[in-house]
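Trainee: Please take me through the terms used for this model, and show in each case how the value is set against its definition.

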Amino acid sequence: MLSYAWLILLFPLVGFLYSSLLGRLLDRRSCGVVASLAVGLSFVVGLLCLSELQGLPAESRFVDLTLWTWIAAGRLALPFNILIDPLSILMVLVVTGVGFLIHVYATGYMHGDPGYPRFFALMNLFVLAMLMLVLAGNFVLLVVGWGGVGFSSYALIAFWFQKPENAAAGTKAFVMNSIGDVGMLLAAFLVFVNFGRLDYAGVFSQASQKLTYNGPVVTAICLLLLVGATAKSAQLPLHTWLPDAMAGPTPVSALIHAATMVTAGVYLIARAHPLFQMSPTAMGIIAAIGALSALFSATIALVQPNIKRVLAYSTISQLGYMFLAVGVGSYVAGMFHLVTHAFFKAVLFMAAGGVIHALGGEENLSRMGGLRRALPTMYWGFLLGALALAGFPLTAGFFSKDEIIVAAFSSEVGSPVLGAMALLVVALTGFYVFRAFFLAFHGESRVEEHVRHHMHKPGADMGAPVLVLTVLAAVGGYLNFLGGEGAMDRFLEPVFHRYATPVPYIEGAEALKEPLMLLSVCLGLLGIGTAWLMYVRYPRWAVTVGGWYPRVYRLLLNKYWIDELYGWLIVRPVLALGRFLSDAVDPAITDGVVLGAARTVRDFSSGLRALQSGFVRDYALAVLGGAVVVLIYLLQAGGVR
Amino acid sequence: MIAPVSHYLVLSGVIFTIGVLGVLVRKNPLIMFMSIELMLNSANLAFVALSYNFKNVDGQVIAFFVMTIAAAEVVVGLAIISSIFRIRVNIDVDEVSSLKG
């Protein structure tokens, strides 16, 4: 099966072509089925590959499948190769598994939308690009997948482009991602200049010979890759596109935020760890960015009124955790959290989408409330997802989050400051997600009268994926216990031991583990309890507390004014420059040159026009004159003797 | 007794000049055509005379070519004149300037 791994890429491609070319002509309803089936088949192929991979001895679990020679020019010989190893297959399973459930959910959610075939064509394109990204065996293919993900997310976020703000949100995501793409491209160039090749196997195995440890070149490569990773994973300072990306349909939010796209940055750092480990500077920056993003966006999520925005900021925050993990060299913890996050964040988004769908597009928490009885599936889905997100004991998030916190404290490149930030975020997370939960499902109903009468309950096609993911969010953490504790470690070990020695832990790390676990559980419960007190028990407290610190509240509500800052620092100067160029430079200089050239030609030719009188006599005279001149010349020159 | 070649060349030059003046001065296109014929045939005369003088047959060959081309030119020219005449009765060349730039 491993030599047929390219089928993983083929199915979404076929699905994309079907929906975009045939489906809209034949049968619009079939697009959803075909698209879901395509992703499902990829998942099956991924499972088959996994089982075969596990059958191989640990050190040969790397299949570098060269499909054809892609580019051959001079000393560049670039194969179109896909790399199948535990890391990429894990990503494939997450992308296609969660992606499949989201596709099924979307067949219900998007039912009756005029752009139904277009939606599923783009969804399949998105999955295709993401699979290309994770299966790529060289940096160029990685960049292709990277760009493809950026494009299809742009098209999906701006799916309802009839509203200008949706189109603007798509553009914003595209611009931010393009900044990252530039970083990725420059990194690939640097790799090529220094290694003369671009395939992972060659680059990683030669990294320690061709680059100096912590030298400027390797740091530059890592930081450029990091630009790409921060843009795609919406980390500081390139995070602003992600909350705006909520403008897209909710399945898109689930697909982008849970299974794909945003995890690409974490995957990239894990994949390129042989390079990153040669640059402690870059690793330190990654960890710092991760911890800061986690804390920063968790505080924003505390006060957001829009249910999807709360989840969006929570995604940034959780990705911050993953960055922190890979930044301190604990790749397995990062990847583990990536997987569990895919489960519980997908279910949170789907449940939120169910609520929004039922309320006819209402996303504001202050116009929800008391929906527990009306939407039981969504209620339980959101509850389990929220518990997992908050790290409630024995849910999925509990195991993976604790691994990261322990790593932050006990890795050799970690520090207590990073660990303390991670702990603080646990409490904030418990609070903000349960604030959203209580506001949406508990308390008095604040749903508007006319909406309440037309509430449409989601059907089985939306309910079933939510149920599956609810179960996964509850038990996903036990993936790490398949066949004894540390299953993830054993599974991914061959990848992270192949080209580099793992980052060691400080002494006494084991002793830290249990106290930290206890502490983080207590903090999580504290956050949940506070939310319960403020939004269920004494609902008036929320307003009171907000009133105590009006400045802080406004600061958080307006997301630290980051958007305004970028608008002021970048957008406004660029617009002003554009206006200056169009008002002053263009008419004077550009038009002057262009119109001046035209005017010169016209004047010259109108002078020549006078010669063409239309009288035969004039022409004959001119011919005679010419003949005489030629004759005189020949006589003078002695040409005729 | 054959006249020297210079006589022929002088005669040819005179006829050619008459032809040129005819084209430039006369208004009637038919007369202008005759003048063009004069010029062409003066050239023919020069060709044949020089051919005889240098004992080289090339000039006579060219004279035949010129005659052929002259015949073709007359056909085209008369066709143009008759179509102009169809549109406007007056075919005075000074009145016809629709090719003015």
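**The nonpolar core and its members**

Mentor: The largest nonpolar core holds 213 residues, of which A:L131, A:L324, A:A346, A:V347, A:V355 and A:A422 touch the most other members. Helix α15 of chain A (residues 331-358) gives the most to this core, with 20 residues. Please note that this is a predicted model, in which local features need pLDDT of at least 70 and side-chain atom pairs count only at pLDDT 80 or more, while totals for chains, interfaces and linings use all residues. Residues are numbered from 1 along each chain as its sequence is written, and chains are lettered from A and ligands numbered from 1 in the order in which they are written.

Trainee: What makes a set of residues a nonpolar core?

Mentor: The set consists of buried Ala, Val, Leu, Ile, Met, Phe, Trp, Tyr and Cys residues joined through C-beta atoms within 7 Å. In soluble globular proteins, nonpolar side chains tend to be buried together.

Trainee: With which residues is A:L324 in contact, leaving aside its neighbours within four places in sequence?

Mentor: A contact requires that the C-beta atoms of two residues, placed from the backbone, lie within 7 Å. By that test A:L324 is in contact with A:A287, A:G290, A:A291, A:A294, A:I404, A:A408, A:L418 and A:A422.

Trainee: Why does A:L384 count as buried?

Mentor: A residue is buried if 20 or more other C-beta atoms lie within 10 Å of its own, exposed if 12 or fewer, and partly exposed in between, with C-beta atoms placed from the backbone. A:L384 has 26 C-beta neighbours inside 10 Å and therefore counts as buried. A:L384 belongs to helix α16 of chain A (residues 376-390). Beyond four places in sequence, A:L384 touches A:V347, A:T470, A:A473 and A:A474. A:V347 is 37 residues away from A:L384 in sequence, and their C-alpha atoms are 8.4 Å apart.

Trainee: Why is B:K55 called exposed?

Mentor: B:K55 has 6 other C-beta atoms within 10 Å, so B:K55 is exposed. B:K55 lies in the loop between α2 and α3 of chain B, and the phi of B:K55 is near 55°, a positive value in a residue other than glycine.

Trainee: What can be said of A:A234, and is that residue buried or exposed?

Mentor: A:A234 has a positive phi near 55° and is found in the loop between α8 and α9 of chain A. Its 29 C-beta neighbours inside 10 Å are why A:A234 counts as buried. In that loop between α8 (216-232) and α9 (241-244) lies A:P237, joined to A:L236 by a cis peptide bond with omega of about 0°. Most residues other than glycine have a negative phi, and most peptide bonds are trans.

Trainee: How do you know that the span of helix α2 of chain B agrees with expectation?

Mentor: Helices (H or I, at least four residues) and strands (E, at least two) are DSSP runs, numbered from the N terminus. The expected span of a helix is 1.5 Å times one less than its number of residues. For the 26 residues of α2(B) (residues 29-54) that gives 38 Å, and because the end C-alpha atoms are 38 Å apart, the two agree. The buried residues of α2(B) include B:M32, B:S35 and B:F47, and the buried residues of this helix pack against α1 (5-25) and α3 (58-87) of chain B.

Trainee: What makes helix α26 of chain A hardly covered?

Mentor: The count of buried residues among the 22 residues of α26(A) is 0. This helix (residues 616-637) reaches 32 Å from its first C-alpha to its last, close to the 32 Å expected.
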